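This briefing concerns the salt bridges and pockets of the structure shown below. Please read it with the sequence and the model to hand.

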Amino acid sequence: VLAAVALHDLGCLVLHCPHQAFYAALLFCLSPANVFLAAGYSEALFAFLTFSAMGQLERGRVWTSGLLFALATGVRSNGLVSVGFLMHSQCRGFFSSLTVLNPLRQLLKLMASLFLSVLTLGLPFALFQYYAYTQFCLPGLAHPIPEPLVQLAVDKGYRIAEGNEPPWCSWDLPLIYSYIQDVYWNVGFLKYYELRQVPNFLLAAPVAILVAWATWTYVTIHPWLCLTLGLQRSKNNKTLEKPNPGFLSPQVFVYLIHGAVLLLFGSLCMHVQVLTRFLGSSTPIVYWFPAHLLQDQEPLLRSLETVPWKPPAGDSPPGQKVPRNSIMGLLYNWKTCSPVTRYILGYFLSYWLLGLLLHCNFLPWT
């Protein structure tokens, strides 16, 4: 619930379009990664901290944003990528003040800020690696392990802290994270590209297509903005001087790059079927772009924005309140909705329901 509120707040700040921000928050409530956001997983907390940090950065509260990003990194390691938001914000401030203030002083200030950003966001990850190093690599510091857990480790083939020193302890950069990913989960560059994994690729295809489609749409609309990494705007481009509100706003650029980087990394270096919850809990693009498509290509939705929607006569018992939820209005009028609306809502609702049914019964899911 808090993550949905944070996403709505972020959407209002970035999109400058209350309707689109509201649709995105509603779609988040129907997220394809719903089961992982509702169950006892780290995705919901990570989404709340990440979206809140983004909102604080949009308000210019850099230190608060950095703290929230650091907490998010402590929840999930992919929060390390969020350092790009702080770095981009600092670089943008550097270029805007370059012609006014002392360039050398501003450059030194920029370098110091970038260093602090990397240090702040990387600290939780580094502390966890250090903790693991003390448990597995330094003799006498490991806590005693209860006998049932020791037996479970033996049955599963896991290495216990009181056993022989694992090989990663002697690495130049001893990271237990990389070792576990490689040895126990077989995670690595292109390791998942096997013929037997085709069903899992198909499972992740919708969210991958969604983010790729969003990236292509944005890049074709704002080629100059993308070429200059959003740091310099073309004076001849009137659309950038007076940007249209919504997903195509120049403010969305850094969020789009963030989503595209996560998609690229997840597609090449992870178990691909987890892309749905990986992206669904990390980037607002998964919700902003469908909201943009709904608002842009669904005539019924535009009419619902101006005229309070009412169900057909006889469908609602006397005294019952008429739902004001626009997404519910689309579902009530499913047959008259555009194909794009059907595809988007069909994807979100089907994955929302299948995730509950399959994952909760220990069947394969994302």
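Which residues lie nearest the centre of the largest pocket? They are Arg76, Ser77, Tyr177, Gln181 and Trp185, out of 31 residues that line this pocket. The model is predicted, so local features need pLDDT of at least 70 and side-chain atom pairs count only at pLDDT 80 or more, whereas totals for chains, interfaces and linings use all residues. Residues are numbered from 1 along each chain as its sequence is written, and side-chain values use heavy atoms, with hydrogens and water left out.

**Largest pocket**

- A pocket is found on a 1 Å grid over the protein atoms alone, as an open set of points where a 1.4 Å probe fits, with protein on both sides within 12 Å along at least five of seven lines; its lining residues have an atom within 4 Å of a point.
- The volume of the largest pocket is about 1000 Å³, a volume being the space filled by probe spheres set on the points, with grid points joined across faces, edges and corners.
- Two or more lining residues come from each of H5, helix H7 (103-136), helix H9 (176-183), helix H13 (253-269) and helix H14 (275-280); helices are DSSP runs (H or I, at least four residues) numbered from the N terminus.
- H9 gives the most to this lining, with five residues.
- The lining of the largest pocket comprises 20 nonpolar, nine polar and two charged residues. Here Ala, Val, Leu, Ile, Met, Phe, Trp, Tyr, Cys and Pro count as nonpolar, Asp, Glu, Lys and Arg as charged, and the others, Gly among them, as polar.

**Second largest pocket**

- The second largest pocket holds about 550 Å³ of space.
- Its lining has 22 residues, and those nearest the centre are Phe136, Tyr158, Arg159, Ile160 and Ile180.
- H7, helix H8 (147-156) and H9 each supply at least two residues of this lining, and H7 gives the most, with five residues.
- By class, the lining of the second largest pocket has 19 nonpolar, two polar and one charged residues.

**Salt bridges**

- Five salt bridges are counted, each defined as a side-chain nitrogen of Lys or Arg within 4 Å of a carboxyl oxygen of Asp or Glu.
- Arg59 and Asp9 form a salt bridge with an N to O distance of 2.8 Å. Arg59 lies in the loop between helix H4 (43-58) and helix H5 (62-75) and Asp9 in helix H1 (residues 2-15), so the pair ties together parts that are 50 residues apart in sequence.
- Arg59 is partly exposed at 37% relative accessibility, as is Asp9 at 29%; buried means under 20% relative accessible area, exposed over 50%, and partly exposed in between (1.4 Å probe, protein chains only).
- Lys191 and Asp182 are joined by a salt bridge of 2.3 Å, N to O. Lys191 is partly exposed at 33%, and Asp182 is partly exposed at 36%.
- In the salt bridge between Arg196 and Glu194, the closest N and O atoms are 2.8 Å apart. Arg196 is exposed at 65%, whereas Glu194 is partly exposed at 31%.
- Glu43, Arg76 and Arg277 are linked in a network of salt bridges.

- Gln129 is found in helix H7 and is buried, at 5% relative accessibility.
- Beyond its neighbours within four places in sequence, Gln129 is in contact with Leu175, Ile176 and Tyr177, contact meaning heavy atoms within 4.5 Å.
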